[in-house]
Amino acid sequence: MMRFFVILIFAYTHWAWATENLTIEKQIQEKQAQEKQLQALQVEVVKHPGASQPKIQLAQYYIQRGRQQQNPAYFANARALLRKIRQKSPASLALLMLRGQLLHYAHQFDSALKDLDIVIAKDKGNKAQAEILKSVIYRHQGKYEQAYKICAKILESSNVVFSSLCYANLYSRTGQSKRAYRELESVQANALLMGKAFERLLNAEMAVIHYRQHYFQGAEQAFNKALKTGGKSLYLLTWYADYLLDRGKAQQVLQQLAFDHAHPRIQLRRALALAKTGKTTAQLKSLKQMLRERFAQAFAAKDFSLLTAEARFLLELEQQAGAALSRAQTAWKNFKEPETARIYLQALLELKIQNQLEADAQSAAETMISWIKQQRWEDPILNFLIHAYRDKDNSCNVYTTSPKNFSYLIAKFCQK
């Protein structure tokens, strides 16, 4: 019997070693194939300097790689390339679709919508993709009625799966989280048919709904299912990291997020986790300097997608509540999402405690809070922060009975 187990352990070890080597070899092969594809596209651009199509194809490649690797440098390359195209009047529909995508990534939403509207009207091949992107932009802007209309159009085109995703995202932001979850459950059977990426997205969406509701067991299960699909999207990684940080699991964040990940939002979470460990390390200092540079570069390039991340960086890592509030206010104008509202409210509370909150900031805050209440956002943390902000004596008495979920916020913003 002992011999059997020894053989079994040896066989498993050999299988694991072989599998790991095959995986590494496959990754090397994929990287080599990608390099060859990139070189071939670059050669075509050089061969035909006056032609638009080779540049459009190379820009498409950059966007694809940017999505896969979550590396904003690829999007910057694509933007630079599209600027070189000799635009005729009117611009080609392929160019408009690409430009609309890039403007969306940079949170230049109004400009993106102009390009997408033309594509929807004139390009049947890209109409569905443009409509989905348009619904996402409206959701970010808090224009839910317009987004609902697009969801209905997607459903009319018989795309039940994407219409369900479209509706679920809106239900979760308009006081209908249970309905949003049921909508996602209704398309769960399609997950295996549509591939790992769709399965990952679906479980990530379910996890976020649970997380916002503070149903942590359900969130943990859904996050784990999403992570087991293999790929790790920016959306999944950032939300999972935030979930872990809120649960006081900074060390797990460091284990989960790769140090060399290119995206500033990922590196921000690593920096926050390092700071929560209480150790001022060379790695943390390096991360903070890199983030300062990346935020400055993005803003200079009119890439506004990092404004919320920068506001959080200023508030939690630089202890600059005034600067954080300014960035959060700018982000909120065009990106009405819970993560922006949370940083906005935390910055307000910091300034309120320091007796540095100005009248115009208070007025803007009340406008934001009224809008959130009107939309019926279901988010216990936001509700707590709103209550704490409006509480004149900072007692937060209504929340002290449930310290499990709010202990770190109570300690920071409520007087005992």
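Helices (H or I, at least four residues) and strands (E, at least two) are DSSP runs, numbered from the N terminus. This is a predicted model: local features need pLDDT of at least 70, side-chain atom pairs count only at pLDDT 80 or more, and totals for chains, interfaces and linings use all residues. Residues are numbered from 1 along each chain as its sequence is written, and side-chain values use heavy atoms, with hydrogens and water left out.

**View 1. The protein chain has 22 helices and 0 strands.** Of its 416 residues, 48% are buried (under 20% relative accessible area; exposed is over 50%, partly exposed in between; 1.4 Å probe, protein chains only). Contact means heavy atoms within 4.5 Å. Among contacts with a separation of 6 or more, 55% join residues 24 or more positions apart.

**View 2. The largest cavity has a volume of about 70 Å³.** Rolling a probe the size of a water molecule over the atoms shows where empty space is left. On a 1 Å grid over the protein atoms alone, a cavity is a set of points where a 1.4 Å probe fits but cannot get out; lining residues have an atom within 4 Å of a point. Grid points are joined across faces, edges and corners, and a volume is the space filled by probe spheres set on the points. By this rule there are 2 cavities of 30 Å³ or more. The lining of the largest cavity consists of L165, A168, N169, S172, R173, L184, E205, V208, I209, R212 and Y235. Two or more lining residues come from each of α8 (160-171) and α11 (196-213). Helix α11 gives the largest share, 4 residues. By class, 6 lining residues are nonpolar, 2 polar and 3 charged. Here Ala, Val, Leu, Ile, Met, Phe, Trp, Tyr, Cys and Pro count as nonpolar, Asp, Glu, Lys and Arg as charged, and the others, Gly among them, as polar.

**View 3. The second largest cavity has a volume of about 50 Å³.** S172, R173, R212, P338, W377, E378, D379 and L382 line this cavity. The lining has 3 nonpolar, 1 polar and 4 charged residues.

**View 4. F223 and Y240 belong to an aromatic cluster.** Rings of Phe, Tyr and Trp (its six-membered ring) pair if their centres lie within 6.5 Å; planes under 30 degrees apart count as stacked, over 60 as edge-to-face and the rest as tilted. The structure holds 16 aromatic pairs. One of them, F223 with Y240, is tilted, at 5.0 Å centre to centre and 50° between the planes. F223 lies in helix α12 (residues 216-227) and Y240 in helix α13 (residues 234-246), so the pair ties together parts 17 residues apart in sequence. Both F223 and Y240 are buried. Ring pairs link Y211, F216, F223, W239, Y240 and Y243 into the cluster.

**View 5. W332 and W377 form an edge-to-face pair.** Their ring centres are 6.1 Å apart, with 75° between the planes. W332 lies in helix α18 (residues 321-334) and W377 in the loop between α20 (359-375) and α21 (380-390), so the pair ties together parts 45 residues apart in sequence. W332 and W377 are both buried.

**View 6. Arginine charges sit over the rings of F216 and F299.** A charge sits over a ring if NZ of Lys or CZ of Arg is within 6 Å of the ring centre and within 35 degrees of the ring normal. The charged end of R247 is 4.0 Å from the centre of the F216 ring. R327 lies over the face of F299, at 4.1 Å from the ring centre.

**View 7. D242 is found in helix α13.** D242 counts as buried because its relative accessibility is 9%. Leaving aside neighbours within four places in sequence, D242 is in contact with Y211, R269 and R312.

Key
On a 1 Å grid over the protein atoms alone, a cavity is a set of points where a 1.4 Å probe fits but cannot get out, and a pocket is an open set with protein on both sides within 12 Å along at least five of seven lines; lining residues have an atom within 4 Å of a point.
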